[in-house]
Structures are given as structure tokens and as C-alpha cells.
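Here is a short briefing on aromatic rings and a helix contact. Look at the structure, then read the points below.

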Amino acid sequence: MLGTSLDVQLGSVTAREARDGEERILAEIDRLEKILSPRDPASEFRRACAGGAAASPELAAVLAAYDLWSDRTFGALHLNLAGVTALWREAARTGREPAAADLAAAFAAPWARAIDALGKAYIVDLAGAGSRDAAPAGRLHLGGDLRAWGERSWRIAVANPFDPADNAPALAEIPLRNAAIATSGGYARNFTVGARRYSHLIDPRTLRPLALDRAATVVAADCVSANALSTALCVLDAREATPLARTYALDHLRVAGAGEPAATRGFGAVAP
């Protein structure tokens, strides 16, 4: 779904109720994909980028979320990065970094918007909420964004960005109940320009990709908040990131460089 993997687990239900819950989740994702998908030329988002109207409350909510979190994160999150990202993808193909002037022009271009991150998180939030009548407890995981509901606790392992293999020891584990969790970092998604590797995450303040040694996991009340904060904690330095996480996150774990991971007290057994 949405070009990535989908995992759904439902608890305290019969097989028939589980099928009903699954159908509700898939139907809601399909409905929202027609509005928010950056890959579908017929989606409302793509039509708006081409000059059409952005009429739905769902697209308006995602655009508003970018404005809100850009303000809250001191510009560490921004909507208008589609052209900048395209230039860095081209740089990976050619082996030459884009010129600063070209990056600035791409950033300033109207409707060069990329809503992949918060758009996907918003879909997880709505799809999970829509299945609660069918399943009193469950977890929905879509491409790194996970939302849990109900009174059941789900054990979530956090990958070590310096050893992210599936069979490697987890950096930490946390019980998740009635909340959302998201992880950001370049250890799983990155690219090479010349001899240098970069994270897929772009700092909107410099228009350059981040180093690979940053990762963050955030627990928040909803997936949109968790996704925005996990990205921002990768972009920002500790002086800005720590108070931000304390203000808006329920729990967080941040890795930057070879130093000790910084985490909320009680996050889990952190073993760098």
C-alpha cells in the first residue's frame, strides 16, 4: 500500500471480526490514497500541484500539519522539498552535487510539495481510528509509521542505526499502548554522490541531506506528531531537539554520531 509494506494485527476479535476490521482498514487506505498519493497522477494532491483545487478536508489537514510542524520545529520540517529531493536524486545518478542556486530555485518553486511523510502518517491515523468499532485492540504499521489502539500493549523493538540488520540486537524496546511511534534516519534509506553517502532526509534550512549517523524514534499521541518529531530530531542539534521532544513527545530516543543515545527516562533498555 502507498508503495510500501503494510502490517495489521488485531486483538480480542473473532476471525470474522478480524476480516471486517481488515476490510475497513484497506478501504480507508484506498480512499485516502486517491486523495493524497504523490504517485497517482489522478490523485487530488497531484491535480492540485498541477494547478487544480485542493478541496478535500483531508488534503487541507495534511497541508496544515506541515505548516504547524514547520513552525514548531524551527523549520526542520518543510512542505516544499519535492524539487530539492529531485535534484539530489539526479546528483546520485550523475555523481555531481547540485549547485546551491539550483537548490534554492527548486525550494522556492510554487507547488513543489512533498507530502509523503506526514501524508502517510495521516493515513495511518485515520485508518486505525476507522477500525476501532470492528476491533477493540490492534496495531497498524505502514512503512515505518505505527499506530496502536485499545488497552493491549504491543512490544516494539527499535533498530540500532549502526547495526540495522533484521537479526541484529535491538537498540531498545518499548511497550506501546494507545499511542503512535515513528522512526526516522538514513541508515535504511540513503544514496551516494561520488564517493560520499547521504541520508534521504533533507535539512530544509540548508537544502542538503543529513549525515547517516542520525536517527530518532518518537512516541506520540498520533502518527502525524510522531513522524514530524522523529524527522525533526534528526535534523536539529541536541540544544534544539531535547526541549522540542520534551514538549511534544510522550517518549523519544535520539542517536546522533557515535555518542550515547539520548532518551526519555524510562524509554527502555538502551544498549548502544
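Ring pairs join Trp88, Phe191 and Tyr198 into a cluster. Rings of Phe, Tyr and Trp (its six-membered ring) pair if their centres lie within 6.5 Å. This is a predicted model: local features need pLDDT of at least 70, side-chain atom pairs count only at pLDDT 80 or more, and totals for chains, interfaces and linings use all residues. Residues are numbered from 1 along each chain as its sequence is written, and side-chain values use heavy atoms, leaving out hydrogens and water.

**Aromatic pairs**
- The count comes to four aromatic pairs.
- The rings of Trp69 and Tyr248 have centres 5.5 Å apart and planes at 75 degrees, so this pair is edge-to-face (planes over 60 degrees apart; under 30 is stacked, the rest tilted).
- Trp69 lies in helix H3 (residues 57-72) and Tyr248 in helix H8, 179 residues apart.
- Trp88 and Tyr198 form a tilted pair, 5.5 Å centre to centre with 55 degrees between the planes.
- Trp88 sits in helix H4 (residues 82-94), and Tyr198 in strand S8 (residues 196-199). Helices (H or I, at least four residues) and strands (E, at least two) are DSSP runs, numbered from the N terminus.

**Burial**
- Trp88 is buried at 1% relative accessible area (buried is under 20%, exposed over 50%, partly exposed in between, with a 1.4 Å probe and protein chains only).
- Tyr198 is buried at 2%.
- Trp69 is buried at 2%.
- Tyr248 is partly exposed at 32%.
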